[in-house]
Amino acid sequence: MPSDPSSAADPATNHSGVTAESLAQKLKETLGASLVEIKDMSGGCGQMFEATIVSEQFTKKTTLARHRLVNSALKEEIAAIHAWTPKCFTPEQWEKRNQSS
Amino acid sequence: MSAISIFSSALRQTARPTRLLTSQLSRPTWTPSFSRLAPLQARLLSDSTKQAINQAVATSPVVLFMKGTPEAPQCGYSRASIQILGLQGVDPAKFTAFNVLEDEELRQGIKEYTNWPTIPQLYLEKEFVGGADIVMSMHQDGSLAQLLEEKKVLVPAEEESK
């Protein structure tokens, strides 16, 4: 039987349809992110994600502007989920952070 | 005096204006026709919604749109945001919280108003500051305290020490 893509991507009936993989893929494409780490904190329902994003495009932008950039890239996805926590770093910031920790 | 007791008294204080605000929401300025809009229309930020939100953000110098009330937040992020405002010592007289769960039109409208997809949302003198993560990181790096101090929205120091 041919599989219906919409039902295949939606195993639980109340799943948001958003996955960590789909979010990461889109961020890499639209923001040219060199690193995207997404944690699904929802425990299965796909409603709560925490993201670490490293992109050249964050350079010289405030936290608010960085979040806006990410949020506009993921407009539809974020509308479908409950909680979204992006953490945005430039490549330099990310390197510094990794050295210090 | 322990941090906990400062915090809980601040929280109780911040709770006060919310009741005020529930009544504000049901004032005629907040058009009652909202709930009668068709779902499709409701998705677009109508002029009346925009106007109502303009008024809402101007209610106090510090305005928080949250899920639930300061006494009973209904989302961890709203809870964290209200706790931070309490810890910072925001003057309850200069603070208003709006419960977006009481009004679906407000809940959707506020997201479009700032083009910010999540709640809570903090406004300072009508200007959008950020959501929970931004408020949290500004609280940690001290920039929130500085901003609140600049805008003179904190409880005066001599009053607090009484």
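Me: A pocket is an open set of grid points with protein on both sides within 12 Å along at least five of seven lines. What volume does the second largest pocket have?

Reply: The model is predicted. A volume here is the space filled by probe spheres set on the grid points. For the second largest pocket that space is about 360 Å³.

Me: Which residues are closest to the centre of the second largest pocket?

Reply: The lining of this pocket holds 17 residues. They divide into 7 nonpolar, 6 polar and 4 charged. Those closest to the centre are His67(A), Pro86(A), Lys87(A), Asp133(B) and Ser137(B).

Me: Which element gives the largest share of the lining of the second largest pocket?

Reply: Both chains supply elements with at least two residues each. From chain B come helix H4 (76-88) and H6. From chain A come H3, S3 and helix H5 (91-100). The largest share is 5 residues, and the element that gives it is S3(A).

Me: How much space lies in the largest cavity?

Reply: Rolling a probe the size of a water molecule over the atoms shows where empty space is left. With a threshold of 30 Å³ or more, the count is 1 cavity. The space in the largest cavity is about 140 Å³.

Me: Which residues of the lining lie nearest the centre of the largest cavity?

Reply: The lining is made of 16 residues. By class they are 9 nonpolar, 6 polar and 1 charged. Nearest the centre lie Trp84(A), Thr118(B), Ile119(B), Ala132(B) and Asp133(B).

Me: Which element gives the most to the lining of the largest cavity?

Reply: Helix H3 (63-73) of chain A supplies at least two lining residues. Strand S3 (83-89) of chain A and helix H6 (132-141) of chain B each do likewise. The top contribution is 4 residues, from S3(A).

Me: What area is buried between chain A and chain B?

Reply: The size of an interface is often given as the accessible area lost when the parts come together. Here 13 residues of chain A are in contact with 13 residues of chain B. Carbon and sulfur atoms give 58% of the buried area. The total is about 1100 Å².

Me: In chain A, which residues lose the most area to chain B?

Reply: Three residues of chain A together account for 42% of what that side buries. They are Leu64(A), Arg68(A) and His82(A).

Me: How many salt bridges does the rule find across the interface of chain A and chain B?

Reply: Polar contacts do cross between the chains: 3 residue pairs, both partners at pLDDT 80 or more. A salt bridge needs a side-chain nitrogen of Lys or Arg within 4 Å of a carboxyl oxygen of Asp or Glu. Across this interface the number that qualify is 0.

Me: Which element gives the largest share of the side of chain A that touches chain B?

Reply: H3, helix H4 (75-80) and S3 of chain A give two or more residues to that side. Its residues divide into 6 nonpolar, 5 polar and 2 charged. The largest share, 5 residues, belongs to H3(A).

Me: Which parts does the pair Glu77(A) and Lys26(A) tie together?

Reply: Over all chains there are 4 salt bridges. One of them joins Glu77(A) and Lys26(A), at 3.1 Å from N to O. The partners are 51 residues apart in sequence, so the pair links two separate elements of chain A: helix H4 and helix H2.

Me: Which peptide bond is cis, with omega near 10°?

Reply: Most residues other than glycine have a negative phi, and most peptide bonds are trans. The loop between helix H5 (104-113) and strand S3 (121-124) of chain B holds Pro120(B). Asn115(B) lies in the loop between H5 and S3 of chain B, with a positive phi of about 55°. The cis bond runs from Ile119(B) to Pro120(B).

Key
Residues are numbered from 1 along each chain as its sequence is written. Chains are lettered from A and ligands numbered from 1 in the order in which they are written. This is a predicted model: local features need pLDDT of at least 70, side-chain atom pairs count only at pLDDT 80 or more; totals for chains, interfaces and linings use all residues. Side-chain values use heavy atoms; hydrogens and water are left out. On a 1 Å grid over the protein atoms alone, a cavity is a set of points where a 1.4 Å probe fits but cannot get out, and a pocket is an open set with protein on both sides within 12 Å along at least five of seven lines; lining residues have an atom within 4 Å of a point. Ala, Val, Leu, Ile, Met, Phe, Trp, Tyr, Cys and Pro count as nonpolar, Asp, Glu, Lys and Arg as charged, and the others, Gly among them, as polar. Contact means heavy atoms within 4.5 Å. Buried area is the accessible area (1.4 Å probe) that two parts lose on being put together, summed over both. A polar contact is a pair of N or O atoms within 3.5 Å; within protein, one must be able to donate a hydrogen and the other to accept it, and residues adjacent in sequence count only if both atoms are side-chain atoms.
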